[in-house]
Amino acid sequence: MIAQRPGTVPDVPVRAIIRATPEDFVVREQLGFEPDGDGEHVFLHLEKRGLNTQDLLQRVSALSGIHLRDIGFSGLKDRHAVTSQWVSVRMAGKPEPDWQQLTVTGEVTVLDCRRHSRKLKRGVHRSNRFELRLRELEGDAGLLEQRLQLLQRQGVPNYFGEQRFGHGGSTLLQARHWQQRGARKLSHSKRGLLLSALRGHLFNLLLAQRVKEGSWNRLLAGDVCMLQGSRSLFPCAEVDAELAARAAAGDVHPGLPLWGRGEVLQGVEQLAWQSAVLAPEEQLCRFLEDAGLSLAYRPARLLPDDFFWRFCDDDSLLLGFSLPPGSYATAVLAELADYRDRYRESGNSSE
């Protein structure tokens with residue numbers, strides 16, 4: 001079972017429909033650096049509609065004649081959406097094709113093309129910019145306005161979204177079967193997908209307990225502190241007035257483990273709490289350690305950047321915000337509305 005995701009406050013104020021059309025879910029990848037203009041890698045900035053990232057990479061590979069292992073990307077983007085992302089292609093002295101041949105009206109647009117000295121790696125982009133439209137709103141608009149203001153001030157619990165676990169939890173279910181049955185050989189990509197689902201499940205369990213205890217957005221003795229907008233972290237033996245104020249201002253967040261082997265940074269208080277919460281999952285913890293995963297940390301709180309909203313004449317709500325790589329727009333939406341995903345209801349799923 002996927003860890004439950006209780007809201008920051010008891011009940012969401014409205015019901016809504018998301019992704020009625022791809023244009024209702026727009027994602028723009030913000031690279032965060034400029035390609036240097038020279039080197040063997042071609043950086044393509046591509047917009048897609050109705051395709052997932054693997055579909056896009058296959059088209060780039062077919063046009064360029066370059067194997068997929070020499071094509072880089074930073075993040076996966078949804079299929080039923082309008083998204084833009086960067087892709088790198090290692091040409092290594094080979095003649096470039098006409099990249100505009102990738103253009104297919106209503107599916108792919110080539111936005112930019114530059115050279116760079118290094119391959120694009122997973123998770124290196126600065127952020128993703130979202131513009132989302134919620135339709136068929138039903139509920140209390142006044143309470144929704146209050147919730148939007150609250151979210152803007154204090155953020156939301158940084159849960160892994162449903163995409164991590166598959167439609168209806170199907171990926172997590174496969175991962176559980178694999179964990180329990182052992183020896184089955186998997187491809188590298190499939191193995192990584194299942195391990196990510198299992199580790200995300202443990203993180204969500206810990207975060208759900210912090211939400212239940214009301215401590216997801218404040219520091220406790222023994223926490224790992226994570227700096228907003230950075231991958232920097234440090235242990236917190238005691239919470240003094242300065243640290244408490246920085247946490248209240250959103251400059252520092254408590255960090256929770258992404259399970260694996262490595263140097264443990266939590267203090268004894270948090271290790272004891274963590275052991276109690278995950279006691280039913282002790283075998284899974286050992287499984288992830290034996291799988292060779294390295295211990296990492298993820299912020300318990302997610303603060304959307306440049307957050308705005310507008311109620312539109314067609315009775316929809318337009319939301320805009322930026323999130324760091326690895327964070328989920330659905331974690332934000334889940335705090336605002338009991339939403340139905342029209343695309344998933346049609347029997348499809350996104351990556």
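Leaving out neighbours within four places in sequence, Met91 is in contact with Glu40, Val42, Ile66, Glu96, Pro97, Trp99 and Arg115. The model here is a predicted one. Met91 sits in the loop between β5 (82-90) and β6 (108-116), and because its relative accessibility is 0%, it counts as buried.

- One of the contacts of Met91 is Ile66; the two residues are 25 apart in sequence, yet their C-alpha atoms are 7.4 Å apart in space.
- The contact list of Met91 also includes Arg115, and residue 115 falls within the span of β6 (108-116).

- Strand β15 covers residues 317-323, and seven of its seven residues are buried, so the rest of the structure largely encloses it.
- In a regular strand, side chains alternate between the two faces of the sheet.
- Here, Leu317, Leu319, Phe321 and Leu323 point one way from β15, while Leu318, Gly320 and Ser322 point the other way; all of them are buried.
- β15 pairs with strand β7 (residues 127-139) in the antiparallel sense, over seven bridges.
- Strand β14 (residues 305-311) also runs antiparallel to β15, and five bridges join them.
- β14 and β15 make a hairpin with five residues between them, and Asp315 in the turn has a positive phi of about 65°.

- Two packed helices are described by the angle between their axes and the distance between the axes.
- For helix α5 (residues 188-213) and helix α7 (residues 268-277), the axes come within 10 Å and cross at roughly 110°.
- With 65 to 115 degrees counting as roughly perpendicular, α5 and α7 therefore fall into that class.
- On the α5 side, the contact uses Leu205, Leu206, Gln209, Arg210 and Glu213; on the α7 side, Gln270, Trp273, Gln274 and Val277.
- That contact of α5 with α7 divides into four nonpolar, three polar and two charged residues.
- Helix α4 (residues 170-181) and helix α8 (residues 282-290) have axes that come within 11 Å and cross at roughly 80°, so α4 and α8 are roughly perpendicular to each other too.
- Arg176, Trp178 and Gln179 of α4 meet Gln283, Leu284 and Phe287 of α8.
- Sorted by class, the contact of α4 with α8 has three nonpolar, two polar and one charged residues.

**Nonpolar cores**

- In soluble globular proteins, nonpolar side chains tend to be buried together.
- The largest nonpolar core in this model has 31 residues, and those with the most contacts inside it are Leu195, Leu198, Leu202, Leu207, Leu256, Phe287 and Leu288.
- At least two residues of this core come from each of α4, α5, β11 (252-258) and α8.
- α5 provides the largest share of this core, with ten residues.
- Setting aside residues up to four places away in sequence, Leu195 touches Trp178, Phe287, Leu288, Ala291 and Leu293.
- There's also a second, separate core of 26 residues, which includes Ala16, Leu302, Leu317 and Ala329.
- Leu317 in that second core belongs to β15, on the side that also carries Leu319, Phe321 and Leu323.

Technical notes: Residues are numbered from 1 along each chain as its sequence is written. This is a predicted model: local features need pLDDT of at least 70, side-chain atom pairs count only at pLDDT 80 or more; totals for chains, interfaces and linings use all residues. Side-chain values use heavy atoms; hydrogens and water are left out. Axes are lines fitted to C-alpha atoms, for helices over the stretch in contact, and angles run from 0 to 180 degrees between N-to-C directions. Helices (H or I, at least four residues) and strands (E, at least two) are DSSP runs, numbered from the N terminus. Angles under 35 degrees count as roughly parallel, over 145 as roughly antiparallel, 65 to 115 as roughly perpendicular and the rest as oblique. Contact means heavy atoms within 4.5 Å. Ala, Val, Leu, Ile, Met, Phe, Trp, Tyr, Cys and Pro count as nonpolar, Asp, Glu, Lys and Arg as charged, and the others, Gly among them, as polar. Buried means under 20% relative accessible area, exposed over 50%, partly exposed in between (1.4 Å probe, protein chains only). Two strands pair if DSSP finds at least two bridges between them. A nonpolar core is a set of buried Ala, Val, Leu, Ile, Met, Phe, Trp, Tyr and Cys residues joined through side-chain atoms within 4.5 Å.
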